[in-house]
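Subject: Structure handover

Hello,

Here is the structure for you to open. My notes on what turned up follow below it.

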Amino acid sequence: MIKEREIVVPGECLAEGLDYLPGENTYREGDKIFAKVLGLTGISGRVLKITALSGPYVPRVEDKIIAKVIDITMNGWRMSTGTAYSAMLNVKDATTRFVNRDEDLSKILAIGDYVVVMISKVTSQNLIDLYMKDPGLHKISGGRLIKINCQKVPRVIGKQGSMITLIKDKTGCNITIGQNGIVWIKGEPDKELLAEKAIKFIADNSHQEGLTDKMQAFLGGADHGLQ
Amino acid sequence: MAYNKRVDGRKLDQLRPMEAKAGIIPNADGSAFFKIGKTIAYAAVYGPRELYPKFLQDPKKGIIRCHYSMMPFSGSGERIRPGGNRRSQEISMVMDAALAPVIDLSAFPNAVVDVFVDLPQTDAGTRCAAISAAAIALADAGIPMKDLISSVAVGQVDGTVVADLCYDEEAYDAIVSDIPVAMTHNTQEITLLQMDGEISKADLIKALELAQKATGEIYQLQVKALKEKYSGAKNDYQ
Amino acid sequence: MIINKETIAELARQGKRLDGRALTDYRQPIKIETAISWTAEGSAKVQIGATIVMAGVKLAIEKPYNDTSDEGGIMVNAELLPLSSPEYEPGPPGRKAIEVARVTDRGIREAKALDLKKLCRIPGEKAWFVTIDIITINDAGNLFDAASLAAMAALKSAKFPIVDETTGAIDYKHKTNQSLPLLKEPLGVTVYKVNGSFFVDPSTEEEQACEARLTVTSDEKGTISALQKGGDTPLAIADIDKMLDLALEKAKFLRKELTKALKQ
């Protein structure tokens, strides 16, 4: 029987007997429950689950993500989300203002532009519809983008946003985290770099405990390390 | 049993010294280094990603596509002209078949998981090393799988059943049989089985039983490589 | 997927870089290992930051070319493996691979780094031909410099295989103690220009933000043996002057790293 927060590999046996239920990223065969991905075990009552340590982003409705314009069509823009599946942002979902039929769409969003958007629909084949009409959803300009594995996003955000708030406070940067693992940081260049390092530190050490303390130390005494 | 003493002094069921590491290619979604004796394989997984050409796309499931390649300086003689050949194409195909049975392909419809394996030096057992490396890389990439696949070659040299033949054994001046095998761990089922040479049915069964033990050793190493990646804290952020 | 082009350009204008490095700093760690492939006559693995590149030297005995009947030959080939980046697809070398190969090749060839006459065994009949294959393991930018360093490390550590004097057959499994006839050690350094600033050792993103680049191959004496300008933007002679200075200075740095590594 595995314990909480153990690292297991695909196919590793987690428990025997029918006392437990197979949760996320696990499967049952006979009377045994096995892991389905490389990850950290979690026990929640009778449910055993694995929190993946890596793996592709699975698009979900209402997820906020950062996407990149790769093509302009008659009705909008095709976006890359860093996954295997393409995403469409329709003109009517992009802006509240009225857009003329023969308006040059590249003046609104050009190829290569990055945007913060929300997923409004996901088909059964993982094709994605996007939405950019709310405040907080917009084209990105300035600052820097970094990529972390999407499985690490919850750790970077922290419980009730505590971790990301800590980083924002200590670096004075605006930080937007896409659920697809793309993060936008905007502030003073030196502070942007510090925030980038902090986020990558969390991502690389997400399987460890005590990250909040480590982060406080990292950001608190930061000026010594940063030349 | 004429072949009692192996050319490199190993016991009949002894594998060559091995080494494995996960996550050694930062650009890849998952990666691995696998060494057995003097055969080294680097594996990198990219995906799931968009599958081209489009007609290959299947709305119910994704595909796994292996690409096996030997570096020009990795052969035991002359330089190998780059560009692949029929042998590397065939190995790529058997790798697909060896790995696909444990992968949950329904998790990435219309997409492809590309597995690239390149070898900088070789001394027999190359397709097995490639599969073992690929399995680590797939797990490292977070691809959902029922189990890990472990692979090693067994065979017989001059009537003696052995595990993990080196090049000198494959080329031994007697009747030799080289049998690459890949197996799942939990159900002990075979996903790769090839053979060239000559062997009796009795010896073949003996060899397959030896393969069970041998792949078990490979499995332990693969698990260790994956868990070791997360065993320490990473602190170099200066 | 990510390109921070505008930010890189803006930081460059201020003499800064995205990762906080100085314009003239190479990434760390820099690791150079030789004898990484027992099947190659000479081999090396070079790491600069996250970029990892291998080079392997293979020797063969062939008939010399008609117009150089008393010389052996050298050729550099490069493969940008799909293993090393999501940007590369399986298939024949693309333009980037060919450029890396040819720039590295010219640097070694034009410096006359290898004494091709000493590679000749029987004039008009048999000579050694040296092929260097450069293989990328992780492309995180600056393949030119890593390739040049790996090729030189592989050449310096290479040994001739044993040749059966009666049959002429090469026994690739056994090496002699004899090194290749190297006369010089040319190394390439690529200098990039973005928004008025010049820097070395670009990351992948910095390469993509580049306006112009100049690869300068030079030997221990500071004699320049090859040049390659890339990028869409033209360079003024004053620019080139500055880039040459920077390249020659960094070549000294890389050469020290190489010497350090080969001593071990």
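**A sheet in chain A**

Strand 3 of chain A pairs with strand 7 of chain A in the parallel sense, over two bridges. Two strands count as paired if DSSP finds at least two bridges between them. Helices (H or I, at least four residues) and strands (E, at least two) are DSSP runs, numbered from the N terminus.

Before going on: this is a predicted model, in which local features need pLDDT of at least 70, side-chain atom pairs count only at pLDDT 80 or more, and totals for chains, interfaces and linings use all residues. Residues are numbered from 1 along each chain as its sequence is written, while chains are lettered from A and ligands numbered from 1 in the order in which they are written.

Back to the sheet. In that pairing, Leu21(A) stands opposite Val47(A) of strand 7 of chain A. The sheet is open, has four strands in the order 1-6-7-3 (chain A), and its pairing is mixed. Why is one side of strand 1 and of strand 3 of chain A left without a neighbour in the sheet? Strand 1 (7-8) and strand 3 (21-22) of chain A stand at the edges, so each has a single partner strand. In general, strands of a sheet pair through backbone hydrogen bonds, either parallel or antiparallel.

**Chain A as a whole**

Chain A has six helices and 16 strands. Its C-alpha atoms fill a box of roughly 65 × 50 × 25 Å, taken along the principal axes. Of the 227 residues in chain A, 43% are buried. Buried means 20 or more other C-beta atoms within 10 Å of the residue's own; exposed means 12 or fewer; partly exposed lies in between; C-beta atoms are placed from the backbone. Take the contacts in chain A between residues at least 6 apart in sequence: 55% of them join residues at least 24 apart. A contact needs C-beta atoms, placed from the backbone, within 7 Å.

**Where the chains meet**

From chain A, 24 residues are in contact with 30 residues of chain B. Helix 4 (residues 189-204) of chain A gives the most to that side of chain A, with three residues. The residues on this side are eleven nonpolar, ten polar and three charged. Here Ala, Val, Leu, Ile, Met, Phe, Trp, Tyr, Cys and Pro count as nonpolar, Asp, Glu, Lys and Arg as charged, and the others, Gly among them, as polar.

Chain B in turn has 24 residues in contact with 30 residues of chain C. Strand 3 (39-50) and strand 5 (111-121) of chain B are the elements that give two or more residues to that side of chain B. The largest share, four residues, comes from strand 5 of chain B. This side of chain B divides into eleven nonpolar, nine polar and four charged residues.

**Backbone points to check**

Most residues other than glycine have a negative phi, and most peptide bonds are trans. These are worth a look.

- Gly47(B) and Pro48(B) are joined by a cis peptide bond, with omega about 5 degrees. Pro48(B) is in strand 3 of chain B.
- Tyr52(B) and Pro53(B) are also joined by a cis peptide bond, with omega about 0 degrees. Pro53(B) sits in the loop between strand 3 and strand 4 (63-70) of chain B.
- Glu62(A) has a positive phi, near 80 degrees. Glu62(A) is exposed, with 9 other C-beta atoms within 10 Å.
- Asn142(C) has a positive phi of about 65 degrees. Asn142(C) is buried, with 24 other C-beta atoms within 10 Å.

Best wishes

Definitions and conventions. Contact = placed C-beta atoms within 7 Å.
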